[in-house]
Amino acid sequence: MASFLTRSTSRLPPAFLPQSCRVQAPRYASSPLFRRAFATPASQGEQPRLRLGSLSPNFKAKTTQGDIDFHEWIGDKWAILFSHPADFTPVCTTELGAFAKLKPEFDKRGVKLIGLSANEIDSHDKWISDINDISKTSLSFPIIADANRHIAWLYDMVDTQDTTNIDEKGIAFTIRSVFVIDPAKKIRLTMMYPASAGRNTAEVLRVVDSLQTGDKKGVTTPIDWTPGQDVIVPPTVSTEDARKKFGDVREVRPYLRFTNVGK
């Protein structure tokens, strides 16, 4: 938008500008809390731009199961990296208990789980005991210690909307992020939740099924799809070729064709 001020007027100090032309900073902008929250990212370095299909940033970290190099830890498996704001928080406790119970299903699909929370290992170990007791489970996947939010910043797991969401050191708390990463270490899917909203473990498992089915069978999946239901023939495949490949193809429209590839 072009400025409505003349060149000479635009150079005047704010005190000499008409009241209607002055830009007022928010009241909270001068507070130490605000300044610390926005100064934090610069100290962490430049963030990589993460998109679907991007190579997941590698890192080394301490976890509840020892030190890891993230890409080496993934190996030739799929991986799910999911973050938590802090240990001993109510929503996170329910989430980790649910993921621990569902871990056998992820194992069947060749998927490794790894959590992240912004505390040290000793705190994680004590928290795991609580999680196991509350959820009547046995949490057996690693949790990363990210007390300085280095990995949270690397993966952009922080909230810029809430400038009060920082700890006593002025470091932004982690939000609830989910990264589904394939064996090529590429980011295939992301989900981001505010700190107040718990995740749906069944949905995380469902999208893994969708991604893996698409990779293996060359199909796409419709709304609310679960394994065994009809899938969609991609627009790049002709109906004739689809019938050769899949057999029965149900054409609703030339661009919307269904088939079934089983479970």
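**View 1. Helix α4 packs against helix α5 in the predicted model.** Helix α4, which covers residues 90-108, and helix α5, which covers residues 121-135, pack at an angle of about 70 degrees, and their axes lie 9 Å apart. Because angles of 65 to 115 degrees count as roughly perpendicular, α4 is described as roughly perpendicular to α5. On the side of α4 the contact is made by C92, T93, L96, G97 and K101, while α5 contributes W127, I131, I134 and S135. Sorted by class, the residues of this contact are five nonpolar, three polar and one charged.

**View 2. Three strands form an open sheet with antiparallel pairing.** The order of the strands in this sheet is β8-β10-β9. Strands of a sheet pair through backbone hydrogen bonds, and the pairing may be either parallel or antiparallel. Strand β10, made of residues 256-259, is joined to β8 by two bridges, and these two strands run antiparallel; V231, for instance, has T259 in β10 as its bridge partner. Between β9 and β10, which also run antiparallel, there are three bridges, and here E251 has R257 of β10 as its bridge partner. A hairpin through two residues joins β9 to β10. The strands β8 (231-232) and β9 (250-253) stand at the edges of the sheet with a single partner strand each, so one side of each is left without a neighbour in the sheet.

**View 3. The largest pocket of the model is lined by 14 residues.** Rolling a probe the size of a water molecule over the atoms shows where empty space is left. The volume of the largest pocket is about 260 Å³, and the lining residues that lie nearest its centre are D209, Q212, T213, K216 and K263. Helix α7, which spans residues 201-217, gives the most to this lining, with six residues. When the lining of the largest pocket is divided by class, four residues are nonpolar, three are polar and seven are charged.

**View 4. N119 lies in the loop between β4 and α5.** The strand on one side of this loop, β4, covers residues 111-117, and the loop that holds N119 lies between this strand and helix α5. Although N119 and I144 are 25 residues apart along the chain, their C-alpha atoms are separated by 8.6 Å. If residues up to four places away in sequence are not counted, N119 touches A86, D87, H124, A145, D146 and A147.

Notes: Residues are numbered from 1 along each chain as its sequence is written. This is a predicted model: local features need pLDDT of at least 70, side-chain atom pairs count only at pLDDT 80 or more; totals for chains, interfaces and linings use all residues. Side-chain values use heavy atoms; hydrogens and water are left out. Axes are lines fitted to C-alpha atoms, for helices over the stretch in contact, and angles run from 0 to 180 degrees between N-to-C directions. Helices (H or I, at least four residues) and strands (E, at least two) are DSSP runs, numbered from the N terminus. Angles under 35 degrees count as roughly parallel, over 145 as roughly antiparallel, 65 to 115 as roughly perpendicular and the rest as oblique. Contact means heavy atoms within 4.5 Å. Ala, Val, Leu, Ile, Met, Phe, Trp, Tyr, Cys and Pro count as nonpolar, Asp, Glu, Lys and Arg as charged, and the others, Gly among them, as polar. Two strands pair if DSSP finds at least two bridges between them. On a 1 Å grid over the protein atoms alone, a cavity is a set of points where a 1.4 Å probe fits but cannot get out, and a pocket is an open set with protein on both sides within 12 Å along at least five of seven lines; lining residues have an atom within 4 Å of a point. Grid points are joined across faces, edges and corners, and a volume is the space filled by probe spheres set on the points.
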